[in-house]
Amino acid sequence: MPLTQTSEELAAWLRLSLEPNIGSATACMLLSALGLPDQIYAQRATALSRHVPEALARQLAAPMPADMAEQVERALEWVQAPGRHILTLAEPTYPQSLLTIADPPILLYVAGDPAFLQGPSLAVVGARNATPGGQENARAFARHLAGNGWRVVSGLALGIDAAAHEGALDAGPQGAGTVAVMGTGIDRIYPASHRDLAHRIAAHGALVSELPLGTGARPQHFPKRNRIVAGLARGVLVVEAAKQSGSLITARLAGECGREVFAIPGSIHSPLSRGCHALIRQGAKLVETAMDITDELGGGPTPARPSPKEAVPAAPPSHPVLDALGFDPLHLDAIQARCGLETAALQTQLVELELQGHIARLDDGRYQRLH
């Protein structure tokens with residue numbers, strides 16, 4: 001069946017996004033110089049070579065390869081289903097905040113409501129191997145922010161990202177919702193364990209990807225994803241991060257495109273605090289509550305609920321094991337040395353405190369206080 005004019009235009013956008021050896025910066029340059037994609041493909045190679053190398057000009061002037069045509073047709077079929085959208089740079093629904101970054105994606109695949117890509121947003125990012133305390137902080141901050149009108153943007157990864165999405169969803173139907181920017185094609189959930197979470201996000205927010213359908217998880221895709229996370233948001237909150245991490249890339253990209261960077265400090269002994277401490281030394285805003293963020297940004301929704309620091313369950317006013325544990329993770333023998341309890345009695349109290357939600361047992365056997 002012949003494509004309608006609208007489908008033909010979208011097909012040209014899809015082809016431009018699929019062209020090898022053309023990044024978003026080159027694509028944007030061609031769009032600026034020659035017009036919409038169908039006008040680019042109407043040019044002869046000699047005209048195109050004024051703007052790009054000759055080999056690339058010949059590539060653009062040639063007929064669309066068969067395998068690329070199949071990908072385009074697949075995307076045109078995908079977008080026909082309810083709740084699916086492809087936003088191009090020419091669409092009024094394309095997120096305006098992305099137009100301020102150096103290399104905006106020329107198109108976005110969206111599952112969910114594209115309206116969630118507009119309005120005041122904050123990115124919450126951090127370590128994949130986050131501590132229980134870090135995940136709880138991310139969840140509490142995101143719940144508070146979403147409950148007070150700030151959309152939460154993150155990357156659907158393990159650890160802090162997942163906790164941030166869950167916290168935003170916990171704010172309920174009155175919350176501002178959440179946006180997950182994916183480092184895969186929008187039809188490939190990564191990690192697979194987040195399939196249910198991704199479905200919830202699509203139902204109460206939006207999943208977003210610039211990558212073609214069927215694209216799997218590859219290391220080089222995640223920095224590209226991170227620039228979209230940073231670009232969509234007014235600011236980026238880093239909850240936990242090692243000295244070398246993707247979260248610090250997101251923070252750097254945020255700073256480069258004029259966004260605010262926030263970081264939660266942690267224990268000087270924790271490797272996952274070192275990235276946040278490095279950001280603070282470089283000028284990121286130290287935050288202890290979500291109010292610290294909204295007060296700094298100003299001009300957004302007015303907070304009306306308690307800050308997450310005030311919303312978490314209170315620990316017992318005085319408990320010898322908690323006092324001995326402090327806020328640095330410790331092994332059993334170190335706790336015992338501090339509080340002097342017999343091993344059996346200490347283990348009983350640790351189990352009780354864990355069941356009450358005051359401490360967590362880490363994968364390496366250490367215990368960490370949460371409140």
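Residues are numbered from 1 along each chain as its sequence is written, and side-chain values use heavy atoms, with hydrogens and water left out. Because the model is predicted, local features need pLDDT of at least 70 and side-chain atom pairs count only at pLDDT 80 or more, while totals for chains, interfaces and linings use all residues.

**Stop 1: Glu240**

Select Glu240, in the loop between strand 7 (235–238) and helix 11 (246–256). Helices (H or I, at least four residues) and strands (E, at least two) are DSSP runs, numbered from the N terminus. Glu240 is buried, where buried means under 20% relative accessible area, exposed over 50% and partly exposed in between (1.4 Å probe, protein chains only).

Now show Thr131: its side chain makes a polar contact with the side chain of Glu240 at 2.6 Å. A polar contact is a pair of N or O atoms within 3.5 Å; within protein, one must be able to donate a hydrogen and the other to accept it, and residues adjacent in sequence count only if both atoms are side-chain atoms.

**Stop 2: Trp78 and Tyr109**

Next, pick Trp78 in helix 6 (residues 66–78) and Tyr109 in strand 2 (residues 107–112), 31 residues apart. Their rings form an edge-to-face aromatic pair, 5.9 Å centre to centre with 75° between the planes. Rings of Phe, Tyr and Trp (its six-membered ring) pair if their centres lie within 6.5 Å; planes under 30 degrees apart count as stacked, over 60 as edge-to-face and the rest as tilted. Trp78 counts as buried because its relative accessibility is 10%, and Tyr109 counts as buried at 2%.

**Stop 3: Tyr190 and Phe222**

Move on to Tyr190 and Phe222, a tilted pair at 6.1 Å centre to centre and 45° between the planes. Is Tyr190 buried or partly exposed? At 45% relative accessibility, Tyr190 is partly exposed, whereas Phe222 is buried at 15%.

**Stop 4: Val153**

Finish at Val153 in strand 4 (residues 151–154), buried at 1% relative accessibility.

Conventions: Lys, Arg positive; Asp, Glu negative; His and termini not counted. Salt bridge = Lys/Arg side-chain N within 4 Å of Asp/Glu carboxyl O.
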